[in-house]
Amino acid sequence: MKPDQVEEVEVQLLLEGIFRVWGHDFRDYAPASLRRRLRLWLQDNAYTSISQAQGEVLREPELWDSLLRSLTVNVSAMFRDPQFFAALRSQVLPLLKTYAFSKIWVAGCASGEEAYSLAILLHEEGLSGRCQIYATDINEAVLQTARTGIYSLEKIRGFTAAYQSAGGRAAFSDYYTARYDNALMAPHLGENIVFAAHNLSTDGAFGEMHLVLCRNVMIYFNTTLSERVLTLFDDCLPAGCFLALGQKESLHLRSLKPRYKALQRDISLYQKLYV
Ligand SMILES: C[S@@+](CC[C@H](N)C(=O)[O-])C[C@H]1O[C@@H](n2cnc3c(N)ncnc32)[C@H](O)[C@@H]1O
């Protein structure tokens, strides 16, 4: 067997072990990026092979925690893809206004930037008191950051530009207080957000939603897992409600495609059909 093939076996054994011991299922993640992240983690922790690390990963919660943090890509930004947030404002929020109360699920929320962006949109559209945002992620460490609502001022510059491109109605500085090198998001934004741990590979849905955002998460999944996750979303979306995916993700070639209509070209924003 070539070294690459041996490594492939080691990856499979490790992922099987992680699933059985820690309950986290990475077996259906896209292999190339998973392998790359695993190699980086091994290097950082001075292991020479996956087999060498396996026993400790399966026995030591802290080591597993460190690996879990490295296996997930947690990059995020406020008003990421500004045209998407502009479309959300013009095409989805008017419909949410017709409901007495709406529930929104941000799946794979990372450190919360997307959820706070959404809270800002809802605030500007007068929907704050009538919407609940559930923002979930597999990674507890990033959820902790999300709960604090604290972001570095360095990042805030980019967030401000994206907010303006997305058609923001105020000054972005209205939504945070600067303290030293950090910005604390206005507490009223966090009042409508519940941050919670949820694993899209193994957990079920939690009730009916009017809008589900799962952006830049499924690019790390293989087809089997993507289909599972889309079915989970479909189960909680009544007809007429909305599903948002990332810029590099779409329902193209997915079994659910015929049940949804795309709202705008070049943006993965869909409405569930009444069929
Ligand atoms: C690249 S970030 C995307 C953040 C945000 N949605 C955005 O578009 O800016 C991907 C997030 O998905 C999360 N994730 C990966 N696998 C997951 C799973 N099985 N269940 C829930 N979240 C997952 C990661 O922890 C990470 O925070």
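1. The centres of domain 1 and domain 2, taken over C-alpha atoms, are 29 Å apart. Domain 1 covers 3-71 and domain 2 covers 82-272 of the protein chain, with bounds that come from an automatic or database domain assignment. The contact between them takes 9 residues from domain 1 and 10 residues from domain 2; two residues are in contact if their C-beta atoms, placed from the backbone, lie within 7 Å. On the side of domain 1 that touches domain 2 there are 3 nonpolar, 3 polar and 3 charged residues. Here Ala, Val, Leu, Ile, Met, Phe, Trp, Tyr, Cys and Pro count as nonpolar, Asp, Glu, Lys and Arg as charged, and the others, Gly among them, as polar.

2. A word on the basis of these values. This is a predicted model, in which local features need pLDDT of at least 70 and side-chain atom pairs count only at pLDDT 80 or more, while totals for chains, interfaces and linings use all residues. Residues are numbered from 1 along each chain as its sequence is written.

3. The protein chain has 10 helices and 10 strands; these are DSSP runs numbered from the N terminus, helices being H or I of at least four residues and strands E of at least two. Its radius of gyration is 20 Å, close to the 19 Å that the globule rule gives for 275 residues, so the chain is as compact as a globular protein of that length. The radius is taken over C-alpha atoms, and the rule is 2.2 Å times the number of residues to the power 0.38. Along the principal axes, the C-alpha atoms fill a box of roughly 60 × 55 × 30 Å.

4. Buried residues make up 34% of the 275 residues. A residue is buried if 20 or more other C-beta atoms lie within 10 Å of its own, exposed if 12 or fewer, and partly exposed in between, with C-beta atoms placed from the backbone. The largest nonpolar core has 62 residues, and those with the most contacts inside it are Val106, Ala115, Ala119, Ile133, Ala135 and Val212. Such a core is a set of buried Ala, Val, Leu, Ile, Met, Phe, Trp, Tyr and Cys residues joined through C-beta atoms within 7 Å. Another core, of 10 residues, lies apart from it and includes Ile50, Ala53, Leu67 and Leu71.

5. Ala115 sits in helix α6 (residues 113-124) and counts as buried because it has 29 C-beta neighbours inside 10 Å. Leaving out residues up to four places away in sequence, Ala115 touches Val106, Cys109, Ile133, Ala135, Ala146 and Ile193.

6. Phe84 belongs to helix α5 (residues 82-96). Phe84 is buried, with 24 other C-beta atoms within 10 Å. Beyond residues up to four places away in sequence, Phe84 touches Ile267 and Leu269.

7. There are 22 residues around the ligand, of which Thr72, Ser76, Gly108, Ala110 and Leu200 come nearest; a residue is near a molecule if its C-beta atom, placed from the backbone, lies within 6 Å of it. By class, the shell holds 8 nonpolar, 10 polar and 4 charged residues.

8. Two backbone angles deserve a check. Most residues other than glycine have a negative phi. Ala110, in the loop between β1 (102-107) and α6, has a positive phi near 50 degrees. Asp266, in the loop between β9 (260-264) and β10 (267-272), has a positive phi of about 70 degrees. Ala110 counts as buried, with 24 C-beta neighbours inside 10 Å, whereas Asp266 counts as exposed, with 10.
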